[in-house]
Amino acid sequence: MRITRRTIVAGAVLAPLLARSRMANAQNWPSGVIKIIVPFPPGGTVDPIARLVQTGLQQRLGATIIIENRPGASGSTGTAAVAKSAPDGNTWVFVFDTHAVNPFLQSLAFDTRKDLDPVVLIGTAPNVLATHPSRPYKTLADIVDAAKAKPDTLTYASIGVGSVGHLTMVLLTKRAGIKMVHVPYRGGGPAMNDAIAGHVDFIVGSAALVMPQVSAATIRPILQTGKTRMPTLPAVPTAIESGFANFESYAWWGVFAPAGTPKPITERFGAALIETLREAGISKQISENLQVTMLLGGPEDERKFLQAQMDLWGPVVQENNIKGD
């Protein structure tokens, strides 16, 4: 399109009209059904969080909330639908840690940083490396010694190529100077089943995935990747304590809106969500069942956190030539 003085003037006239229209919509919001997109199948960890807050959000916002599962491409299919939605406060997306990695693994139909506005950083959980109880490995040093003695023989399962668990092990083994064999699965269920059966030497995954089986003594934890030890794993050292300075790796959960959603709307939705997440019953379920450390950070917290995650994992993907499924 040829840019003329007329189009510039027209744009200058329309811009404030559009801004006033959006503000009017914000004042009348909510009007109609609010849709929360969960870009993963039912189950997992994102879906339960969305469904736990559904009733509280409805009560606080005075609107009908529906949860819609749109799985595919590690969460990017459903997220793309939200990025392309009208910024009217009627569509939101609950994301998982793959949100920060997908831009480096796939050709996305949206710009992760530009097409979505951050709303709430719900929380994080460290990753945990665990083994079958029959295996002899008790510490990370045991693993390093065994892997150096027989490179490319020890196997570890993850929930998929390019998952944060997978990237955690890529970074950890590189820093340790060892080589192990990655066995990717399509989801936590199949990966855990084979770990319990002893078909792989190790499994790496979020505490939400690993802790139920640790509690059942079907797998033994060796290492956790938070800055400090989880209260539920007080005897298991962190990677930092095991000699890997500044090594941290987290699963995380957050909420985004289509870019351009009026700030009064995102603020009201975010406040209602945080109030709901702070309810004792909901907070307990999320912290105990999903092992999530609640952060409840606002838009700027989430923006900075997302950037930090992209800065951390992007180079790992690129330098190791990791390709998405």
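Start by selecting Glu241, which is partly exposed at a relative accessible area of 48% (buried means under 20% relative accessible area, exposed over 50%, and partly exposed in between, with a 1.4 Å probe and protein chains only). Before moving on, know that this is a predicted model, where local features need pLDDT of at least 70, side-chain atom pairs count only at pLDDT 80 or more, and totals for chains, interfaces and linings use all residues. Residues are numbered from 1 along each chain as its sequence is written, and side-chain values use heavy atoms, with hydrogens and water left out.

**Stop 1: the partner of Glu241**

Arg229 and Glu241 are 12 residues apart, and each sits in the loop between strand E8 (220–224) and strand E9 (250–258). Helices (H or I, at least four residues) and strands (E, at least two) are DSSP runs, numbered from the N terminus.

**Stop 2: helix H2**

Now pick residues 46–61, which make up helix H2, and find Asp47 and Arg51, 4 residues apart or about one turn of the helix. Their closest N and O atoms are 3.0 Å apart, in another salt bridge. Buried or partly exposed: what is Asp47? Asp47 is buried, at 6% relative accessible area, while Arg51 is partly exposed at 37%.

**Stop 3: helix H11**

Jump to residues 299–319, helix H11, where Glu300 and Arg303 lie 3 residues apart, about one turn of the helix. Their side chains form a salt bridge too, at 3.4 Å from N to O. Glu300 is partly exposed at 43% relative accessibility, and so is Arg303 at 41%.

**Stop 4: a network**

Select Lys35, Glu68 and Arg70 together: a network of salt bridges links them. How many salt bridges does the count come to? The count is 9.

**Zoom out**

Show the whole chain and colour it by secondary structure: there are 11 helices and 10 strands. The C-alpha atoms fill a box of roughly 75 × 50 × 30 Å along the principal axes. Colour by burial next, and buried residues make up 49% of the 325 in the chain. To finish, look at contacts (heavy atoms within 4.5 Å): among those between residues at least 6 apart in sequence, 78% join residues at least 24 apart.

Notes:
Salt bridge = Lys/Arg side-chain N within 4 Å of Asp/Glu carboxyl O.
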